[in-house]
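The exercises below are meant to be worked with the sequence and the coordinates side by side. Try each task before reading its solution.

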Amino acid sequence: MLTFNDAEEKAVEEAIAALADMIPLEAIQPPHSPMLIFPGLEIRPHQRRVLKGGADISLTRLEYGALCYLAASPGRVFTKAQIFEAVWSMESDSCQSSVTNVIYNLRKKIEPDSQNPTYIKTVLGMGYKFASGE
C-alpha cells in the first residue's frame, strides 16, 4: 500500500489529469445487435429476449448464450468445444456433457417438437448447427 503526503497526492492527481487531457477518449457506443428472426422464433439481443410464437421464453444465461451463438450463424456447424468456449468463456477440457445438457434443455423450450428439432440440429460426429426453421 502506498501512502502520499498532501503535496505528493496533489502532484499525482495533476499528472493523471494531464495525461487524461492528452489521451483522446471517444464515447463508447454499445454494439448494435440486430434481431434474429426465424419462422416462429425471434431473438432480440438488445433486450435479451427470446419469443416463441410471440410469447416470451425464459432461458438461463447458458441457454441464451448457446442460442445466440448458434443462431448468429445459421447453417454453420459448431463443435461442442467451440460452443463451450464461446458461451462458458472457458477452455474446453471436458465440455461434452455440459453442452449436451444445455442444448437438450434449450430444445425443450424453443422447439415445436424437441424430439424432432426444427432449429438446433445435431450434426453426427461434429456438433450442432442452427437451421433457419424452414
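**Exercise 1: aromatic pairs**

Task: Explain how F84 and W88 are placed in helix α3, and classify their ring pair.

Solution: F84 and W88 are 4 residues apart in helix α3 (residues 80–88), and therefore about one helical turn separates them. Helices here are DSSP runs of H or I with at least four residues, strands are runs of E with at least two, and both are numbered from the N terminus. Rings of Phe, Tyr and Trp (its six-membered ring) pair if their centres lie within 6.5 Å, and planes under 30 degrees apart count as stacked, over 60 as edge-to-face and the rest as tilted. By this rule there are 4 aromatic pairs. One of them, F84 with W88, is stacked, at 4.7 Å centre to centre and 15 degrees between the planes. Both residues, F84 and W88, are buried, where buried means under 20% relative accessible area, exposed over 50% and partly exposed in between, for a 1.4 Å probe and protein chains only.

A further stacked pair is formed by Y119 and F130, with 5.8 Å from centre to centre and 15 degrees between the planes. Because Y119 lies in the loop between α4 and β6 (120–123) while F130 belongs to strand β7 (residues 127–130), this pair ties together parts that are 11 residues apart in sequence.

The model is a predicted one, in which local features need pLDDT of at least 70 and side-chain atom pairs count only at pLDDT 80 or more, whereas totals for chains, interfaces and linings use all residues. Residues are numbered from 1 along each chain as its sequence is written, and side-chain values use heavy atoms, with hydrogens and water left out.

**Exercise 2: helix packing**

Solution: Axes are lines fitted to C-alpha atoms, for helices over the stretch in contact, and angles run from 0 to 180 degrees between N-to-C directions. Helix α2 (residues 61–71) packs on helix α4 (residues 96–110) at an angle of about 85 degrees, with the axes 9 Å apart.

With contact meaning heavy atoms within 4.5 Å, K80, I83, F84 and W88 in α3 meet Q96, S98, V99, T100 and V102 in α4.

**Exercise 3: an arginine in a loop**

Task: Where does R48 lie, and which ring does its charged end sit over?

Solution: R48 is placed in the loop between β2 (41–44) and β3 (49–52). Its phi is near 55 degrees, a positive value in a residue other than glycine. Most residues other than glycine have a negative phi. The charged end of R48 sits over the ring of Y64, 4.3 Å from the ring centre; the criterion is that NZ of Lys or CZ of Arg is within 6 Å of the ring centre and within 35 degrees of the ring normal. With a relative accessible area of 41%, R48 is partly exposed.
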